[in-house]
Amino acid sequence: MAATALGATDNAARQAFGVFFTSHHRELGRLAYLLSGDQDAAEDITAEAFAEAWRRWEHVTRADSPIAYVRRIVVNLSADRIRGLTRERRGRRLLGATWSERTLGPDVAAVTDVREALTRLPAGKRACVVLRHYYGLSEQETAKTLGISVGTVKSQTSRGVAELAAMLGTDGGTGAGPATGADTGTGSRRRTKAGAEGRRRGRG
C-alpha cells in the first residue's frame, strides 16, 4: 500500500514537472540566450537548469514562485558559463591565439549590436536589465529572482542601461554621452547659430 502511494506521488511529480517544462522551456531558453549570448551555450544552460530543477523539484514547488526559482538557476548557470569563457579567452590571449565571436541567426545590425552590447555587461547588470526590460518583471520580482535587494536591482539596472546606451551611442542620438542642462543649452545655441550662418551663405 505504501509503495503504491509512493509511486502515485512520484507519477504526479513527473506530470507536474512535465507541465512546467512545456510551459516554460521556451522562455527560459530565451533568457539563457540573452544572458549567455550564444545559442549552443543557451541550450546547454537550459537543459542543465531543468535537470537541476527536477533534482530540487520539492523545493521548486514549495517556492512562492516556481518560475522565479528556476529563472534564478538559469541566471546562476549563465554567470558561471560567462566566467568560464572569460578565463578561456584570457588563456587564449596569453597563448597568442585569436578569439573570434560568432554571429548567429538572421539578426539585423541593430539587434546584433544590442546583443553584443549585452554580453559586455557584467553578469549582475545584464541579468537585471534582461529581467526588467525584456521580461518586464517588477523590481520586486527581479530582486526575488536574483536573491538581491530591490535597491540593488534599481542601481544595477540603471547603471546597466546607461552602459548599454553608451556602448550603442543611443544617448540622445549624439553618441557623446548625457550632457548637463547648461551644456545642452549652449550646444543648442551653437547649432542654431551655425545653421543660420549656413543658410545665409546659401542665399548669398
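**Figure 1. Arg-30 in helix α1.** Arg-30 is partly exposed, its relative accessible area being 36%. In this predicted model, Arg-30 is part of helix α1, which covers residues 2-36. When residues up to four places away in sequence are set aside, Arg-30 touches Tyr-134 and Tyr-135. A further reference point in this view is Thr-46, which lies 16 residues from Arg-30 along the chain. The C-alpha atoms of Arg-30 and Thr-46 are separated by 8.9 Å.

**Figure 2. Leu-28 and its surroundings.** Leu-28 is likewise a residue of helix α1. Its relative accessible area is 0%, and Leu-28 is therefore buried. Not counting residues up to four places away in sequence, the residues touched by Leu-28 are Thr-46, Phe-50, Ile-67, Val-70, Arg-71 and Val-74. For Val-74, the separation from Leu-28 along the chain is 46 residues, while the two C-alpha atoms are 7.3 Å apart.

Figure 3. Leu-35 counts as buried because its relative accessibility is 3%, the limit for a buried residue being under 20%. Leu-35 and Ala-123 are 88 residues apart along the chain, and 7.6 Å separates their C-alpha atoms.

**Figure 4. Thr-145 in helix α7.** This view shows Thr-145, a residue of helix α7, which spans residues 139-146. The relative accessibility of Thr-145 is 0%, so Thr-145 counts as buried. Apart from neighbours within four places in sequence, Thr-145 is in contact with Ala-68, Arg-71, Arg-72, Leu-131 and Leu-137.

**Figure 5. Packing of helix α7 with helix α8.** The axes of helix α7 and helix α8 lie 8 Å apart and form an angle of about 100 degrees. At that angle, α7 is roughly perpendicular to α8. On the α7 side, the contact is made by Glu-139, Gln-140, Thr-142 and Ala-143; on the α8 side, by Val-150, Val-153 and Lys-154. Sorted by class, the residues of this contact of α7 with α8 comprise three nonpolar, two polar and two charged.

**Figure 6. Packing of helix α6 with helix α8.** Helix α6 (residues 123-134) packs with helix α8 (residues 150-168) at an angle of about 95 degrees, and their axes are 8 Å apart. The two helices, α6 and α8, are therefore roughly perpendicular to each other. Helix α6 contributes Gly-124, Lys-125, Cys-128, Val-129, Arg-132 and His-133 to the contact. Helix α8 contributes Val-153, Gln-156, Thr-157, Arg-159, Gly-160, Val-161, Glu-163 and Leu-164. The contact of α6 with α8 consists of five nonpolar, five polar and four charged residues. Val-153 of α8 takes part in the contact with α6 and also in the contact with α7.

Figure 7. Thr-157 belongs to helix α8. With a relative accessible area of 9%, Thr-157 is buried. Residues up to four places away in sequence aside, Thr-157 touches Cys-128, Val-129, Arg-132 and His-133. Thr-157 and His-133 are 24 residues apart along the chain, and the distance between their C-alpha atoms is 9.0 Å.

**Figure 8. Confidence along the chain.** The protein averages a pLDDT of 74, and 63% of the residues score at least 70. Where pLDDT is low, the predicted coordinates should not be read in detail.

**Figure 9. The whole protein, for orientation.** The secondary structure comprises nine helices and zero strands, giving the pattern α-α-α-α-α-α-α-α-α along the sequence. Of the 204 residues, 29% are buried. The accessible surface is about 13000 Å², and carbon and sulfur atoms account for 53% of that surface. Among contacts with a separation of 6 or more, 62% are between residues 24 or more positions apart.

Terms used
Residues numbered from 1 in each chain as written. Predicted model: local features only at pLDDT ≥ 70, side-chain atom pairs only at ≥ 80, totals over all residues. Heavy atoms only, no water. Axes fitted to C-alpha atoms, helices over the stretch in contact; angles between N-to-C directions. Helix = DSSP H or I, 4+ residues; strand = E, 2+ residues; numbered from the N terminus. Parallel < 35°, antiparallel > 145°, perpendicular 65-115°, else oblique. Contact = heavy atoms within 4.5 Å. Nonpolar A, V, L, I, M, F, W, Y, C, P; charged D, E, K, R; others polar. Buried < 20%, exposed > 50% of the residue type's maximum accessible area, 1.4 Å probe, protein only. Areas by Shrake-Rupley, 256 points an atom, 1.4 Å probe, with all protein chains shown as cover. pLDDT = per-residue confidence, 0-100.
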